[in-house]
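Hi,

Here is the structure I promised to pass on.

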2 protein chains.
Amino acid sequence: MEAKLQELKKRLIEVNDLHASAALLYWDQSTYMPSGGAEARGRQLSTLSEIAHQKFTDDAIGKLLDDLRPYEESLPYDSDEASLIRVARRDYEHAVKMPASFVAEFSSHISLSYNAWTRARPDNDFASVLPYLEKTLELSRRKADFFPGYAHIADPLIADSDYGMEVASIRELFRGLREQLVPLVHQITDQPPADDSCLQQHYPVDQQIAFGLDVIKRLGYDFERGRQDMTHHPFMTKFSLGDVRITTRFKEDDLREALFSTIHESGHAMYEQGIRMDFEGTPIARGATSGVHESQSRLWENLVGRSRGFWQFFYPKLQATFPQQLGDVSLDAFYRAINKVERSLIRTDADEVTYNLHVIMRFDFELDLLEGRLAVRDLPDAWRERFTSDIGITPTDDRDGVLQDMHWYSDAIGGQFQGYTLGNIMSAQLMDAAVKANPAIPSEIQSGEFATLHGWLKENLYQHGAKFTASELMERVTGGALSTEPYVRYLRSKYGELYQF
Amino acid sequence: MEAKLQELKKRLIEVNDLHASAALLYWDQSTYMPSGGAEARGRQLSTLSEIAHQKFTDDAIGKLLDDLRPYEESLPYDSDEASLIRVARRDYEHAVKMPASFVAEFSSHISLSYNAWTRARPDNDFASVLPYLEKTLELSRRKADFFPGYAHIADPLIADSDYGMEVASIRELFRGLREQLVPLVHQITDQPPADDSCLQQHYPVDQQIAFGLDVIKRLGYDFERGRQDMTHHPFMTKFSLGDVRITTRFKEDDLREALFSTIHESGHAMYEQGIRMDFEGTPIARGATSGVHESQSRLWENLVGRSRGFWQFFYPKLQATFPQQLGDVSLDAFYRAINKVERSLIRTDADEVTYNLHVIMRFDFELDLLEGRLAVRDLPDAWRERFTSDIGITPTDDRDGVLQDMHWYSDAIGGQFQGYTLGNIMSAQLMDAAVKANPAIPSEIQSGEFATLHGWLKENLYQHGAKFTASELMERVTGGALSTEPYVRYLRSKYGELYQF
């Protein structure tokens, strides 16, 4: 059995190395590649993915997984070996259930669809993507049907990124959250808006970047095992547990852009850097789910990085970096500015309070579309209606409405958005549990000390990689299920103080 | 046949994509990778090479090459299709003739040997590498024996990098060259040395790099299909014909380091950038041989970049960039400084005149070792003796003697050095032919115009990639064989003027 497990690991690491190489090709494409490299780079990325797919779906891996089943069952569920075999089997079954011809059809359709979207968005032309989106919906349904036995047609699509979560429970969670958020948004936005003009001055880019790097170094991002570069869209990527990189972007006239994207991506990266090094190269050497990943980017970005205590420590340093811009701005005014709540059109620019309403409506639309209760051609109208009722303003065009996110134009309809809000929900549960275990954390944050919080997260969450599902992790950490209560309490307390209600 | 050729191309491009990905992993390792990534990166590089080797040595490729032989023979030798099949077959036979077990033994020995050398060189400890080097010699002989039918045991090793060249002809060429160079070196170095102190001032790195980039942009290096980064050892690397990158290094107290390495690597890169784009991904989309490649780096670095005409154009710009350092230094003094000839110990720092003597002695030692006329343990003494007689000074230790180059400690003994001097020889033949065809080239260089020279090289050399061997290329371009006459004439004329003889 030991020999079979070694053989399985060897094959899985080979597949991992191909994916890691592809990740580096993608990183280079986004950071340093000259434009002339684009055409061959696309081909090289396909070559690596195809070989990785062939090698992973090799019958020999299926056979090893079958042979190892009794061994797995003889081990505790949470042992490293059983977890490795279990997660590898889950990935394997996912990879072999879809026929290669379908994968090819899906991917060539998506490439057309994405191209159409890049033209349609600036032109505000939903009609031109409509046929693509209709085809995507049909393909998404077919994709789900390769995984029969689901309770809801979206379940297999959700399992792609949030394995273990299902429509039934997510819908319940999100409904409860929405019921709390809609009145909260109205309560806040009926008041005069916060003044964020102090953030919209000229901030030289080099100092912005240096300040952000100093912040995440203190949070615990390990620069011996990572680095930051500039890209058009910020992201985190991993080539091994010893090399977990982030990217950021900046606006010279808005201090928020680089700073909070840097903290956000460092949250993702610290999660990956915290995984046990002896998992390197195996399928458990990754974050558990997209929701759990997002819980870490949002915990560090918002619960830590947008907190008053955090800025009690960092604001004097920020003022020293930008004396002309912030010398006369009080900590309180700065804190209000970075936590400005407003009715706005774009999800990725939205504040903490409105953000989840943007997500939940997209999640609901995915279900409506998949269930056939909403036709693709009616999506723009449905979008305007729901947006008006939830957020309180009406998008004037599709560019900043249904065309704003690339997700549905570059992947399936279904499973694209729930992770963002699941992450927010979990971030508050995890922070609660961390503070309960270590009541000194809030005062440590005020002193620029993050080792206790980081250590607790590493011990309870990061080190396990993908051994457990999101629900299993929450159960282990909080002793209970996912709950929106800590998150709503966090928002009410923070914004109640800011907006005096 | 068309279908078989397409199938062959498809398989060859897949192998190419794996090698190109490995090249990117290596580039990243040398430029931006954090230290924590090293361990996994080594494993990933092995994974990619192994898969590339497996895919390339697949029997299916051998079968396709056999099936395509009549088709190839029906086509003109210099047609793209016949050349592609011919070069692919040559590579294939090279790859399949060595058993995998030997390749593994060789590579694991080399990895130990290289590690031993990295410690031995600073410690000046030849004794500690002696057993490794003896084993390397034995493995080099065994490697040659996988390619029976050679005239000289070094021939198969030379064919690795300089296909088409053999000991018999190289030895003859080098002997003639050495007979000319030894007295030339003595004639020059008996005179008072040139004053190069103007180059050894403080030169801020950013301005050095910017100046170098401006130079190679004018030479014709295409930044849409390339870029320059910093590394410990400068190199050129290619991920596709649309992405050919170079690296450089700098010394803040020596202007030569960055400038001439930038021009040198841009010469390699312009060669690759000039290959016909429709060869992309195939085995002919590369430089012909290591000698031909070196002819281009040296042509641009020395025949152009160390010429008086070149600096007639660039020196005023260099003075404007570094007015404090060079404002009072005349063009003539600068030109003498960058062409200083001296008896020195290190090959890579040697001037144009002495350089080939460093190379030729290494080439001769490789033959002596392989033929058994010299024992590895006697190499340090032989080195000192030959060095004294050829260059006129005696190395005081092995650190700057037999331990200076990594080649024999990181690869076979045999075939490692001839390319450097073959390149110098060819660079002068090619320059002669270019000027004969376009007599305006020297005056264009004085005006900072390089399009005619670059265009001629592209037309006659670059575009063909690896379709022809070095001898075939020289025959096509100059109508004759390799000859040292133009190179010796070039040195005599340039240094005769500089040293008045």
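How many residues of domain 1 of chain A are in contact with domain 2 of chain A? The count is 15 residues of domain 1, which are in contact with 14 residues of domain 2; two residues are in contact if their C-beta atoms, placed from the backbone, lie within 7 Å.

Before the rest, some housekeeping. This is a predicted model, where local features need pLDDT of at least 70 and side-chain atom pairs count only at pLDDT 80 or more, while totals for chains, interfaces and linings use all residues. Residues are numbered from 1 along each chain as its sequence is written, and chains are lettered from A and ligands numbered from 1 in the order in which they are written.

**Domains of chain A**

Domain 1 of chain A covers 2-150 and domain 2 covers 198-344 + 431-466, with bounds from an automatic or database domain assignment. Taken over C-alpha atoms, the centres of these domains are 29 Å apart. On the domain 1 side of the contact, α1 (2-31) and α5 (80-97) of chain A are the elements that give two or more residues. Helices (H or I, at least four residues) and strands (E, at least two) are DSSP runs, numbered from the N terminus. The largest share of that side, 10 residues, comes from α1(A). By class, the domain 1 side has 9 nonpolar, 4 polar and 2 charged residues; here Ala, Val, Leu, Ile, Met, Phe, Trp, Tyr, Cys and Pro count as nonpolar, Asp, Glu, Lys and Arg as charged, and the others, Gly among them, as polar.

**Between the chains**

Chain B puts 31 residues in contact with 31 residues of chain A. On the chain B side, the elements giving two or more residues are α1 (2-31), α2 (38-56) and β2 (236-240). That side splits into 11 nonpolar, 10 polar and 10 charged residues.

**Two helix pairs in chain B**

The axes of α13 (residues 308-321) and α15 (residues 331-338) of chain B come within 11 Å and cross at roughly 125 degrees. Axes are lines fitted to C-alpha atoms, for helices over the stretch in contact, and angles run from 0 to 180 degrees between N-to-C directions. α13(B) and α15(B) are therefore oblique to each other (under 35 degrees is roughly parallel, over 145 roughly antiparallel, 65 to 115 roughly perpendicular and the rest oblique). From α13(B), Arg308(B), Trp311(B), Gln312(B) and Tyr315(B) meet Leu331(B), Phe334(B) and Tyr335(B) in α15(B). This contact has 5 nonpolar, 1 polar and 1 charged residues.

In the other pair, α16 (residues 352-371) and α19 (residues 418-437) of chain B pack at about 135 degrees, with axes 8 Å apart. The contact residues are Asn356(B), Val359(B), Ile360(B) and Phe363(B) of α16(B), with Gln418(B), Tyr420(B), Thr421(B) and Asn424(B) of α19(B). They divide into 4 nonpolar, 4 polar and no charged.

**One loop residue**

Arg249(B) sits in the loop between β3 (243-248) and α11 (256-273) of chain B. Because Arg249(B) has 13 C-beta neighbours inside 10 Å, it counts as partly exposed (buried takes 20 or more other C-beta atoms within 10 Å of the residue's own, exposed 12 or fewer, partly exposed in between, with C-beta atoms placed from the backbone). Leaving aside residues up to four places away in sequence, Arg249(B) touches Met230(B), Thr231(B), His232(B), Pro234(B), Glu257(B), Ala258(B) and Ser261(B).

Cheers
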